[in-house]
Amino acid sequence: MTSSRASGASVSGKPILDIHELRFSHADAAPLVDGWSASIGAGVTQLYGDTGSGKSTLLRVLAGELPAKGRLNLAGVSLEHRPEDYRNNVFFCNPEADAYDDATPAECTASLSAGDVDFSQARWQACIEGFALAPHLEKRMHMLSTGSKRKVWLAAALASGRALTLLDEPTGGLDAASTRFLWRTLAGLAELPGRAIIVASGARIDSVPLSGSIELPLQ
């Protein structure tokens with residue numbers, strides 16, 4: 001299981017993400033994590049915390065987007081020594097990004113999945129259908145609603161073959177049918193070996209079998 005405490009705990013099977021003595025703080029602020037160690041294995045792990053607890057920030061740290069002290073090792077690759085290879089094995093679902101506003105959903109997905117040799121075209125197509133995105137495929141991303149834009153990112157994330165997928169409040173802006181489809185798909189992905197998915201959510205997840213949990217603030 002993934003630890004919700006700073007000391008960490010082992011997971012069954014080989015860990016996918018090893019976190020050792022991680023420390024991160026914004027300037028002149030108390031540390032978000034300080035000496036946190038944990039091992040995250042295959043399956044779905046919930047990152048739980050109230051609004052403002054730092055869930056999004058911690059995801060960015062684990063994605064290698066924010067510099068922190070300590071060591072992060074993903075599928076045998078060290079962020080410190082091989083940062084590009086580390087980041088290329090992470091899918092960080094960030095639908096608020098505007099870099100793809102002028103792209104179609106397919107073009108956006110192609111960019112997000114570049115270099116991902118295990119990307120599943122069949123799973124992506126299933127997500128397009130499950131999220132009812134077919135009518136929007138010829139539109140530009142800036143033309144989509146917040147919910148539809150999130151669905152495009154989620155479809156790419158769920159079809160990803162990268163070792164680590166990070167989802168930040170994935171149900172935000174989703175309709176009920178899309179939320180049910182998301183949980184069903186995550187439940188299926190939870191059974192796959194070699195892939196860790198961390199879902200940041202301010203509500204307890206009870207629709208997906210969890211392999212572990214992390215709770216902020218860490219004690």
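This is a short walk through a few local features of the structure above. Hi everyone, and one thing before we start: the model is predicted.

Let's begin with a pair of helices. Helix H4 covers residues 121-130 and helix H5 covers residues 146-159, and the two pack with their axes 8 Å apart at an angle of about 150°. That angle makes H4 roughly antiparallel to H5, since the cut-off for that term is over 145 degrees. If you turn the model to look at the crossing of H4 and H5, you'll find that it is right-handed.

So who meets whom there? On the H4 side we have Arg123, Trp124, Cys127 and Ile128, and they meet Ala155, Ala156, Leu158 and Ala159 of H5. Sorted by class, this contact has 7 nonpolar residues, 1 charged residue and no polar ones.

Next stop, please find Ser53. This serine is placed in the loop that runs between strand S3 (43-48) and helix H1 (55-62). Is Ser53 buried or exposed? Its relative accessibility is 18%, so Ser53 counts as buried, given that the limit for buried is under 20%. A polar atom of the Ser53 side chain lies 2.7 Å from the backbone oxygen of Asp50. Leaving aside residues up to four places away in sequence, Ser53 touches Leu32 and Leu216.

Keep Leu216 on your screen for a moment. The peptide bond that leads from Leu216 to Pro217 is cis, and its omega is near 0°. Pro217 itself sits in the segment after strand S9 (210-215).

The buried ones are Lys55, Thr57, Leu58, Leu59, Val61 and Leu62. Just after H1 comes Gly64, with a positive phi of about 85°.

While we're on positive phi, here are two residues other than glycine. Asp28 has a phi near 60°, and you can find Asp28 in the loop between strand S1 (17-24) and strand S2 (33-40). With a relative accessibility of 88%, Asp28 counts as exposed.

The other one is Ala75, where phi is near 50°. Look for Ala75 in the loop between strand S4 (69-74) and strand S5 (77-78). Ala75 has a relative accessible area of 47%, so this residue is partly exposed.

Methods
Residues numbered from 1 in each chain as written. Predicted model: local features only at pLDDT ≥ 70, side-chain atom pairs only at ≥ 80, totals over all residues. Heavy atoms only, no water. Axes fitted to C-alpha atoms, helices over the stretch in contact; angles between N-to-C directions. Helix = DSSP H or I, 4+ residues; strand = E, 2+ residues; numbered from the N terminus. Parallel < 35°, antiparallel > 145°, perpendicular 65-115°, else oblique. Left-handed = near helix turned anticlockwise from the far one by under 90°. Contact = heavy atoms within 4.5 Å. Nonpolar A, V, L, I, M, F, W, Y, C, P; charged D, E, K, R; others polar. Buried < 20%, exposed > 50% of the residue type's maximum accessible area, 1.4 Å probe, protein only. Polar contact = N/O pair within 3.5 Å; in protein donor to acceptor, adjacent residues only side chain to side chain.
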